[in-house]
Amino acid sequence: MEKRELVCVACPLGCGITVTLGDGGEVLEVTGNTCKRGDAYARSECTAPTRSLTTTVRVEGGKAYVVPVKSAGPVPKGMMFDCMKVINQASVKAPVKIGDVVIKNVLGTGVDIVATNNAE
Amino acid sequence: MTNFDLAVVGGGPAGMAAALKASEEGIEKIVVLERAETLGGILEQCIHTGFGLHYFGEELSGPEYAGRFIKLLEDTNIVVKTDTMVLDIADDNTVTAVNKTDGLLKISAKAVVLAMGCRERPRGALSIAGSRGAGIMTAGTAQKYVNIDGYMPGHEVVILGSGDIGLIMARRMTLEGAKVKMVCELMPYSGGLTRNIVQCLEDFDIPLKLSTTVVATHGKERLEGVTIAKVDEKLQPIPETAEYVPCDTLMLSVGLIPENELSKNAGLTLDRITNGPKVDEYRETEHKGVFACGNVLQVHDLVDYVTEESQIAGLGAAKFIKGEKISGDCIGTNGINGVRYIVPQRINRETDTDVKLYFRVGAVYTNASIVVEANGETILSKKKKKLCPGEMEYVLIKKDVIANLPKDSVITVRVEA
Ligand SMILES: Cc1cc2nc3c(=O)[nH]c(=O)nc-3n(C[C@H](O)[C@H](O)[C@H](O)COP(=O)(O)OP(=O)(O)OC[C@H]3O[C@@H](n4cnc5c(N)ncnc54)[C@H](O)[C@@H]3O)c2cc1C
Ligand code: SF4
């Protein structure tokens, strides 16, 4: 058995969470979380950590230089830099609208990269 | 002279929420004056997520959060004037502004909401020896370079100050391929949210050096390195601990100051600690009909709280315009023993609303109590697992409790460790 102390990053409250792991790394118990999201965060953090990614994509033929984007859902934590590489090679044609899909299914993660602002 | 019921100065999240609330309350003639090209304020450059969890129950990025309010505003008859800089607010609430199309604008308003936000403390506010070559900038300026202009200001970065903007920029620069060598923090604790320390520093193995500061910068045309040193309990650098760190960029994230030039010129007294105007429970300043909300009033770390506070100010302004706002005998509020300040600074005894007292503590406490007292009696006491300076707290005081307090009472809030 192993105990891991985490800080939940699912919301700005930042609750301290204690996770008890079994010998095979499976989650036995989660305590300290204030809400369900904390439980889910702690379980995923100990088994398959993910993060949402926010960055910018180059805009072509518009007034704006770049448009902000986010991963529509969390991507595996270990793939953040690989995703950044793909995103930094991409560009979009102006105009861009909030919610437009800029890259579909980035690196086979099943997660789209979408615009989070309008760009002319 | 143009006539409006309400003039809102600043079109960030604070100004937009105040204007929308007043409009919902039936105020017809509202104008929002914004000096930038677009509405949204500083949120336009905050492209990371974490906005709106409280208010929308969703994790939005800054532009998305602002976008929701911009859309709501478009569906009202609120007049928006962007590229418009407010220059002065006169005693009779006449607002003077200037823009390219109207030239000099004089707006006579029944009520005014101040929502000018805050700006970052510049390097001049610190004493670091060394030349002023390129490569030294505030974290917010760097945020604008990267997120709006699409330009990387450097490759080897040291960040001074562990405020949220500095932490967010540590991650942002790392994702874009820069090497962030460390974040130095003068105090023995970080000024940022814990979640940002985890997901912006620990995720990328960026060291957070507490009780450490930058004592000198090196390099002529362009920054080549900085000297860092540990500080003692009196926050004085300890010379023996000095260490040279090569870098081409130094980002400062050493605090925000409310943008109160207009307020000062209008003769408003500012709170010594918040640097914002002193207000009552509806965020009315000492000047009748002039309200303030958002970062111009107190520096907020969560935009959700900015929205909440601005709705209170918008409601207050609407009540004032309709002649329904109570203003009479007030009781005071005071933060003591670890509580640095309280907003609002005064409360009308006959107020028609329960009042949240917002405050920040001056140090980190675990398992402490917040104790609220008036005239030697405890009004309420609340246990807290953790209190830290980086996070704003509040206590709710019921209006009947307020009504029962004698004239000239003061409500004090303190930490009991
Ligand atoms: C650089 C920086 C980065 C930040 N990053 C984050 C973050 O990552 N996450 C977070 O939660 N919070 C962040 N904050 C805090 C953030 O400011 C607040 O959450 C929120 O945006 C405050 O809203 P506001 O409307 O009070 O101020 P602002 O968003 O600053 O809006 C004020 C507006 O008033 C306008 N204005 C000022 N003076 C005048 C004038 N004289 N005439 C006309 N218009 C005027 C300005 O142009 C601006 O648009 C950041 C703050 C700064 C300064
Ligand atoms: S456990 Fe719930 S309340 Fe606590 S930080 Fe996580 S999401 Fe927020």
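Mentor: One term to begin with: domain bounds here come from an automatic or database domain assignment. And keep in mind that this is a predicted model.

Trainee: OK. Which domains does chain B have?
Mentor: Domain 1 covers 1–119 + 256–325, domain 2 covers 122–254, and domain 3 covers 328–417.

Trainee: How far apart are the C-alpha centres of domain 2 and domain 3 of chain B?
Mentor: Those centres lie 35 Å apart.

Trainee: And how many residues does each give to the contact?
Mentor: Domain 2 of chain B supplies four residues, and domain 3 of chain B supplies seven residues.

Trainee: What about the domains of chain A?
Mentor: The assignment lists domain 1 (2–48) and domain 2 (54–115). For these two domains of chain A, the C-alpha centres are 29 Å apart.

Trainee: Switching to confidence. What is the mean pLDDT of chain B?
Mentor: The mean is 93, and 99% of the residues of chain B reach 70 or more. For the complex, the predictor gives an ipTM of 0.90 and a pTM of 0.89.

Trainee: Now the inside. How many residues are in the largest nonpolar core?
Mentor: That core has 41 residues. A:V67, B:M173 and B:M251 have the most contacts inside it.

Trainee: Which helix gives the most to this core?
Mentor: Helix α4 of chain B, residues 164–175, with six residues. There is also a second, separate core of 34 residues. Among its members are B:V8, B:L39, B:V113 and B:F291.

Trainee: Back to A:V67. What does A:V67 touch?
Mentor: Leaving out residues up to four places away in sequence, its contacts include A:T55, A:T56, A:V57 and A:V59. A:V92, A:V96 and A:A115 are also among them.

Trainee: New topic: ligand 2. Which residues surround ligand 2?
Mentor: The residues around ligand 2 are A:C8, A:A10, A:C11, A:L13, A:G14, A:C15, A:N33, A:T34, A:C35, A:R37 and A:G38.

Trainee: How does that shell divide into nonpolar, polar and charged?
Mentor: Six residues are nonpolar, four are polar and one is charged.

Trainee: Last one. Where does B:G332 lie?
Mentor: B:G332 is in strand β20 of chain B, residues 330–335. Setting aside neighbours within four places in sequence, B:G332 contacts B:Q345, B:R346, B:S409, B:V410 and B:I411.

Trainee: And how far is B:G332 from B:V98?
Mentor: B:G332 and B:V98 are 234 residues apart in sequence. In space, C-alpha to C-alpha, B:G332 and B:V98 are 38 Å apart.

Technical notes. Residues numbered from 1 in each chain as written. Chains lettered and ligands numbered in written order. Predicted model: local features only at pLDDT ≥ 70, side-chain atom pairs only at ≥ 80, totals over all residues. Heavy atoms only, no water. Near = heavy atom within 4 Å. Nonpolar A, V, L, I, M, F, W, Y, C, P; charged D, E, K, R; others polar. Helix = DSSP H or I, 4+ residues; strand = E, 2+ residues; numbered from the N terminus. Contact = heavy atoms within 4.5 Å. Core = buried A, V, L, I, M, F, W, Y, C linked by side-chain atoms within 4.5 Å. Buried < 20%, exposed > 50% of the residue type's maximum accessible area, 1.4 Å probe, protein only. pLDDT = per-residue confidence, 0-100.
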